[in-house]
Amino acid sequence: MTQPWFFATNSLTLSDPEYSGMILAMLASQRINAPYLVPYMIYDGESDPFCDALHESGVQIIHHEFSMIEEIKKNPKWSDPVFQRIARGTYLRLDIPILSEMLNLNTAEVLYTDIDVLFLKQPQPRGLTFEPFAVGPEFDPQDFINMNAGVMYINIPKMAETRQAFMEYIKTHHLTAFTFDQDSLRRFYTGQWGHLPIEYNWKPYWGVNPDACIVHFHGPKPSMRATDFAEPQIGDMKVGGYDYYCGVYDTYLGMF
């Protein structure tokens, strides 16, 4: 049975070959290991050759700006291109409920991932509890309170029910959100989300896991193998299975 899968990006991100490469590796791994997913790319930007090539290969491109982008632009950090690049991408996932309705998907369950993931197995949402969504831990594999929104199973009806209140919350709290929309999700939905198995948002620095379904390059990306980071907390994440999964990434990079 097929299942919608959303990922989101923007023109600022795709101007960096590192990130367009991650999308290609991600899509190759999905086609090989998770073929029942139907890919939708939410894209804040104009059509370009990269998007056209993805569309021709079967990825459905949704040209869309975050519904509250004018509010986010009020953030003083908006003048920073790095802030713009991240915000224009991550906030897009919050519009998945309205986009699902626009696309007439007629499904209560959709998968969202960031673009820095690899699919190693077909995700199976059966048996999961996700009202309004299910997520896994961020840094500590036992810590489901400090969740990571890089992989989410979203309950579309439940998210739609709370959407108006959540958007009002963002309007008043996004200026103090440390990790963009993820921080707002944590605060607004505290204690409500379901627990996604850690194999569905497996971090390379946790080690090599033969049961990993979705590997998320949280922190250092594969292209950063030789980078010396000024922030030790990022450099310290290049441990465990990082080198191993970078090698897996290299394999998929040339396949799409």
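Trainee: Let me start with two residues: are W5 and F119 buried or exposed?
Mentor: Both W5 and F119 are buried. Keep in mind that we're looking at a predicted model.

Trainee: How do I describe the way two rings like that sit together?
Mentor: In general, you describe a pair of aromatic rings by the distance of the centres and the angle of the planes. A search of the whole structure here finds 16 aromatic pairs. In one of them, W5 and F119 are edge-to-face, with 4.9 Å from centre to centre and 75° between the planes. W5 belongs to strand 1 and F119 to strand 5, so this pair ties together parts that lie 114 residues apart in sequence.

Trainee: Which residues form one aromatic cluster?
Mentor: That cluster is made up of F133, F166, Y169, F188, Y189 and W193.

Trainee: Okay, now the strands. What holds a sheet together?
Mentor: As a general idea, strands of a sheet pair through backbone hydrogen bonds, and they can do that parallel or antiparallel. In this model, seven strands make an open sheet with mixed pairing, in the order 3-2-1-4-7-6-8. Its edge strands are strand 3 (60–63) and strand 8 (194–195), each pairing on one side only.

Trainee: In what sense do strand 6 and strand 8 pair?
Mentor: They run parallel: strand 6 (residues 133–137) is joined to strand 8 over two bridges. If you want a spot to look at, find A134, whose bridge partner in strand 8 is G194.

Trainee: And which strands does helix 7 touch?
Mentor: Helix 7 (residues 156–173) packs on the sheet and touches strand 4, strand 6 and strand 7 (147–155). The direction of helix 7 makes about 105° with that of strand 7. Then look at helix 2 (residues 17–33), which lies across strand 1 (3–10), strand 2 (37–44) and strand 4 (109–113). Helix 2 runs at about 175° to strand 1.

Trainee: Let's do charges. How many salt bridges does a search of the whole structure find?
Mentor: The general idea is that side chains of opposite charge can pair when their charged atoms come close. The search finds 13 salt bridges here. Take K221 and D116: their closest N and O atoms are 2.5 Å apart. This pair links distant parts of the chain, 105 residues apart, with K221 in the loop between strand 9 (214–216) and helix 9 (232–235) and D116 in the loop between strand 4 and strand 5 (117–119).

Trainee: Are K221 and D116 buried or exposed?
Mentor: K221 has a relative accessible area of 10%, so K221 is buried. D116 comes out at 8%, so D116 counts as buried too.

Trainee: What about K171 and E168: how far apart are they in helix 7?
Mentor: They sit three residues apart, which means about one helical turn separates them. Their salt bridge has its closest N and O atoms 3.4 Å apart. K171 is partly exposed at 38% relative accessibility, and E168 is partly exposed at 42%.

Trainee: Which residues are linked in a network of salt bridges?
Mentor: Look for D44, E65 and R88, which are linked in such a network.

Technical notes
Residues are numbered from 1 along each chain as its sequence is written. This is a predicted model: local features need pLDDT of at least 70, side-chain atom pairs count only at pLDDT 80 or more; totals for chains, interfaces and linings use all residues. Side-chain values use heavy atoms; hydrogens and water are left out. Two strands pair if DSSP finds at least two bridges between them. Helices (H or I, at least four residues) and strands (E, at least two) are DSSP runs, numbered from the N terminus. Contact means heavy atoms within 4.5 Å. Axes are lines fitted to C-alpha atoms, for helices over the stretch in contact, and angles run from 0 to 180 degrees between N-to-C directions. A salt bridge is a side-chain nitrogen of Lys or Arg within 4 Å of a carboxyl oxygen of Asp or Glu. Buried means under 20% relative accessible area, exposed over 50%, partly exposed in between (1.4 Å probe, protein chains only). Rings of Phe, Tyr and Trp (its six-membered ring) pair if their centres lie within 6.5 Å; planes under 30 degrees apart count as stacked, over 60 as edge-to-face and the rest as tilted.
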